[in-house]
Amino acid sequence: LYWVGNNGEQHRVCQWACSFLMWAVPYAIWGKGVARLMVFPAAFFLFTIPFAFLDFFTIRLRMLAAAVATGLLNGVGLTVVRVGTALHSTMGEGFSLDVADPCSGLRSLFAMIALTTAYAYYTQRTLLGKWLLFFSAVPIAVIGNICRIASICVAAWLFGQESAVGYYHDYSGYVVFLV
């Protein structure tokens, strides 16, 4: 399968084959005991494969994040109007921000799922605990992205749109993801 993918320049096929090989080679050499230990690393390797078919979620995540961030900002007294995925405010100097495709939170969602998968595997003793931690990655990543978008709007209100979409926008993702 790897040979076919490599000769056909199908990189995703090669990645699937590598994941399978990470399990199959130890099974062939050392047997079932070692192969059982390799199931998780081989499955975890699948996180390296880009799933382009999930890109249709970006617009839904953008709309959700923009709508909830608008409600959150209006709730704390910062008047914001949402038009599609764009957030507009006339308070202070005013600002207009758009939640673009890269800001949908899909990348951080995949990263959070990968991290919680590894964390759950190594720290949780029960299967239920592992699955609960695994599935908690989705709301954590979505809430984190909503908070990031709202904080960019607050930064635009306080320091101006150029400051918010420049330095703050570029580095706030790291801080929110770590939190």
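These notebook entries record what I looked up in the structure.

**Entry 1: the model.** I noted that this is a predicted model, in which local features need pLDDT of at least 70 and side-chain atom pairs count only at pLDDT 80 or more, while totals for chains, interfaces and linings use all residues. Residues are numbered from 1 along each chain as its sequence is written, and side-chain values use heavy atoms, with hydrogens and water left out.

**Entry 2: helix H4.** I took helices (H or I, at least four residues) and strands (E, at least two) as DSSP runs, numbered from the N terminus. The expected span of a helix is 1.5 Å times one less than its number of residues. For the 19 residues of H4 (residues 57-75) this gives 27 Å, and the end C-alpha atoms are 27 Å apart, which agrees.

I then asked which residues of H4 are buried. Buried means under 20% relative accessible area, exposed over 50%, and partly exposed in between, with a 1.4 Å probe and protein chains only. The buried residues are Thr58, Leu61, Arg62, Ala65, Ala66, Ala69, Thr70 and Leu73. Seen down the axis of H4, they fall within an arc of 160°, so they line one face of the helix; the arc is that of the directions from the helix axis to the C-beta atoms. An α-helix has 3.6 residues a turn, so residues three or four places apart point the same way. The face turned away from the buried side of H4 carries the exposed residues Arg60 and Gly75.

Contact means heavy atoms within 4.5 Å. The cover over the buried residues of H4 includes strands E1 (81-83), E2 (86-89) and E3 (95-98), and helices H5 (106-123) and H6 (127-159). After H4 comes Gly77, whose phi is positive, near 100°.

**Entry 3: helix H5.** I found that the 18 residues of H5 should span 26 Å, and its end C-alpha atoms are 25 Å apart, which agrees. Its buried residues include Leu106, Leu109, Met112 and Ile113. Among the elements that cover them are H3 (32-44), H4 and H7 (161-178).

**Entry 4: cysteines.** How many disulfides are there? With a disulfide taken as a pair of cysteine sulfur atoms within 2.5 Å, the count is 0. The sulfur of Cys18 is 6.8 Å from the closest cysteine sulfur, in Cys14, which is too far for a bond. Cys18 is partly exposed, with a relative accessible area of 27%. The sulfur of Cys153 is 11 Å from its closest cysteine sulfur, in Cys103, again too far for a bond. Cys153 is buried, at 0% relative accessibility.
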